[in-house]
Amino acid sequence: MPFVKQQNSTCSCRVNTIQPPVLLMRGMLTKRQILKGRFTIAAKHHITIAEIYESELVDIEKAIAHYEQSADYYKGEESNSSANKCLLKVAGYAAQLEQYQKAIEIFEQVATSTMDNPLLKHSAKDYFFKAVLCHFIVDELNAKLALEKYEEMFPAFTDSRECKLLKVKEFDSISRLDQWLTTMLLRIKKSIQGETDGDLK
C-alpha cells in the first residue's frame with residue numbers, strides 16, 4: 001500500500017479533472033458488467049481503477065471510493081474474503097487520512113468476520129491490534145476499553161505479540177515495524193504528549 005503523505009500546499013493551480021482513457025474505458029466496462037449482473041467482474045474492474053488512482057494518479061479519496069464499491073459488490077456475491085481485502089485497503093488509508101472512526105469500524109468488522117474462520121483467524125489479531133491503535137490516537141480510555149472488549153471476544157488475542165505491545169509497549173523488541181505502524185505509533189505518542197502538556201498548564 002503506497003503511504004499517504006498529507007499535503008499542506010496552498011497552491012491554487014487548476015487541477016486536471018480529465019480522466020485518463022484507461023479509466024474511462026474501465027468505467028464503461030464496469031457499467032456493462034453491472035447491467036449484465038456480473039458483479040464479481042465489476043468488482044474486479046473497480047479494484048483496477050482504485051489501483052490506478054492510488055499508484056499513478058495518487059488520488060486516495062477516489063481510490064477509497066472504488067475499493068468500497070468493490071467490497072459492496074463482493075459482499076452481494078457472498079465473496080466475503082475478497083470484500084475484506086478491499087475493506088482493509090479502505091481502513092488503512094482512512095487511518096492515514098486521520099479518519100480514525102471509519103478505520104476502527106472496518107478493522108473491527110473484518111476481525112470479527114475472520115476470528116471464527118480456521119484459515120483466517122490468525123489474521124484477526126492484527127486487525128484488532130490496528131483498531132486499538134486507532135482508538136489510542138483518539139482517546140486512551142476508549143482504547144483500553146476496546147482492548148478489553150477484543151480480548152473477551154477473541155481470547156487468542158491476549159497472548160499475541162500485538163496485544164503485548166499494547167500492554168507493555170515493547171514491540172520494537174518483538175517485531176520490525178512497517179511504515180503504517182510506525183506512523184500510527186508516532187501519532188499516539190504525540191497525542192499522549194499533548195494531553196500531558198495540557199495537564200501541566
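Is Lys149 buried, partly exposed or exposed? Select Lys149 to find out: with a relative accessible area of 38%, Lys149 is partly exposed (buried means under 20% relative accessible area, exposed over 50%, partly exposed in between, with a 1.4 Å probe and protein chains only).

Before moving on, a word on the model: it is predicted, so local features need pLDDT of at least 70 and side-chain atom pairs pLDDT 80 or more, while totals for chains, interfaces and linings use all residues. Residues are numbered from 1 along each chain as its sequence is written, and side-chain values use heavy atoms, leaving out hydrogens and water.

The partners sit 41 residues apart, Lys149 in helix H7 and Glu108 in helix H5 (residues 100-114); helices are DSSP runs of H or I, at least four residues, numbered from the N terminus. Glu108 is buried at 19%.

Next, select Glu54 and Lys89, another salt bridge, at 3.6 Å. This one links helix H2 (residues 39-55) to helix H4 (residues 80-96). Glu54 is buried at 6%, whereas Lys89 is partly exposed at 22%.

Finish with the rings of Phe128, Tyr150, Phe154 and Phe157, a cluster linked by ring pairs (centres within 6.5 Å; planes under 30 degrees apart are stacked, over 60 edge-to-face, the rest tilted). Phe128 and Phe157 make a tilted pair, 6.0 Å centre to centre with 50 degrees between the planes. Phe128 is buried at 0% relative accessibility, and Phe157 is buried at 0% too.

Methods:
A salt bridge is a side-chain nitrogen of Lys or Arg within 4 Å of a carboxyl oxygen of Asp or Glu. Helices (H or I, at least four residues) and strands (E, at least two) are DSSP runs, numbered from the N terminus.
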